Amino acid sequence: QVQLVESGGGLVQAGGSLRLSCAASGRTFSSYDMGWFRQAPGKEREFVAAISWSGGSTYYAESVKGRFTISRDNAKNTVYLQMNSLKPEDTAVYYCAARRGGMSWHAPSYDYWGQGTQVTVSS
């Protein structure tokens with residue numbers, strides 16, 4: 001029912017910034033809680049951040065807290081991930097995901113996923 005398309009990835013030097021966008025289809029985007037996950041080659045998928053349907057609550061992995069900010073614009077059917085002070089260990093494919101029923105860190109609890117966008121941080 002929901003299609004998600006990520007964009008905004010690229011190559012950046014350590015200490016730099018990127019803003020990822022996730023555009024959603026459908027008319028019920030505002031009813032979904034959204035999350036960002038990432039996966040580096042040979043590593044497990046990792047939770048990054050989540051935001052409630054209203055945008056009133058956010059939740060971050062300890063590894064990105066204070067550096068990344070998740071936000072959403074329901075009028076544009078879009079969720080964002082602002083990434084500052086990037087580190088080489090942030091290099092990964094970043095995925096956005098959607099679910100109902102509340103924010104979650106648990107990837108299998110999400111119903112819909114985008115195809116991902118590559119973020120590469122050089123040292």
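**Walking through the strands, the core and the rings**

Let's start at a turn: β5 and β6 make a hairpin with 6 residues between them, and Gly55 in that turn has a positive phi of about 85°. Keep in mind that this is a predicted model. The two strands pair in the antiparallel sense over 3 bridges, with β6 covering residues 58-60.

Is β5 enclosed or open to the outside? Of its 6 residues, 5 are buried, so β5 is largely enclosed by the rest of the structure.

Next comes an open sheet of 4 strands. The order is β1-β3-β8-β7, and the pairing is antiparallel. At the edges sit β1 (4-7) and β7 (68-73), each of which pairs on one side only. Going from one strand to the next, the twist averages 15°. In this sheet, β3 (residues 18-24) and β8 (residues 78-83) run antiparallel and are joined by 6 bridges; Cys22 has Val79 in β8 as its bridge partner.

While you're on β3, have a look at Ala23, which belongs to that strand. With a relative accessibility of 38%, Ala23 counts as partly exposed. Leaving aside residues up to four places away in sequence, Ala23 touches Gln3, Leu4, Val5, Asn77 and Thr78. Ser7 is 16 residues from Ala23 in sequence, and their C-alpha atoms are 8.3 Å apart in space.

On to the inside. The largest nonpolar core has 36 residues, and Met34, Trp36, Leu81, Met83 and Tyr94 are the ones with the most contacts inside it. At least two residues of this core come from each of β3, β4 (33-39), β5 (46-51), β7, β8, β9 (92-99) and β11 (117-122). What does Tyr94 touch, not counting residues up to four places away in sequence? The list is Glu6, Leu20, Trp36, Phe37, Arg38, Val48, Phe68, Leu81, Met83, Gly116, Thr117 and Val119.

Phe37 leads us to the rings. The model has 6 aromatic pairs. One of them is formed by Phe37 and Trp113, a tilted pair at 5.1 Å centre to centre with 55° between the planes. Phe37 lies in strand β4 and Trp113 in strand β10 (residues 112-113), so this pair ties together parts that are 76 residues apart in sequence. Phe37 counts as buried, at 1% relative accessibility, whereas Trp113, at 27%, counts as partly exposed. Step back and you'll see a cluster in which ring pairs link Phe37, Phe47, Tyr59, Tyr110 and Trp113.

One last stop is Arg45. Which rings does this residue lie over? Arg45 lies over the face of Trp113, at 4.4 Å from the ring centre, and also over the face of Tyr95, at 5.6 Å from the ring centre. Trp113 therefore takes part in the tilted pair with Phe37 and also has Arg45 over its face.

Note on methods. Residues are numbered from 1 along each chain as its sequence is written. This is a predicted model: local features need pLDDT of at least 70, side-chain atom pairs count only at pLDDT 80 or more; totals for chains, interfaces and linings use all residues. Side-chain values use heavy atoms; hydrogens and water are left out. Two strands pair if DSSP finds at least two bridges between them. Axes are lines fitted to C-alpha atoms, for helices over the stretch in contact, and angles run from 0 to 180 degrees between N-to-C directions. A nonpolar core is a set of buried Ala, Val, Leu, Ile, Met, Phe, Trp, Tyr and Cys residues joined through side-chain atoms within 4.5 Å. Buried means under 20% relative accessible area, exposed over 50%, partly exposed in between (1.4 Å probe, protein chains only). Contact means heavy atoms within 4.5 Å. Rings of Phe, Tyr and Trp (its six-membered ring) pair if their centres lie within 6.5 Å; planes under 30 degrees apart count as stacked, over 60 as edge-to-face and the rest as tilted. A charge sits over a ring if NZ of Lys or CZ of Arg is within 6 Å of the ring centre and within 35 degrees of the ring normal.
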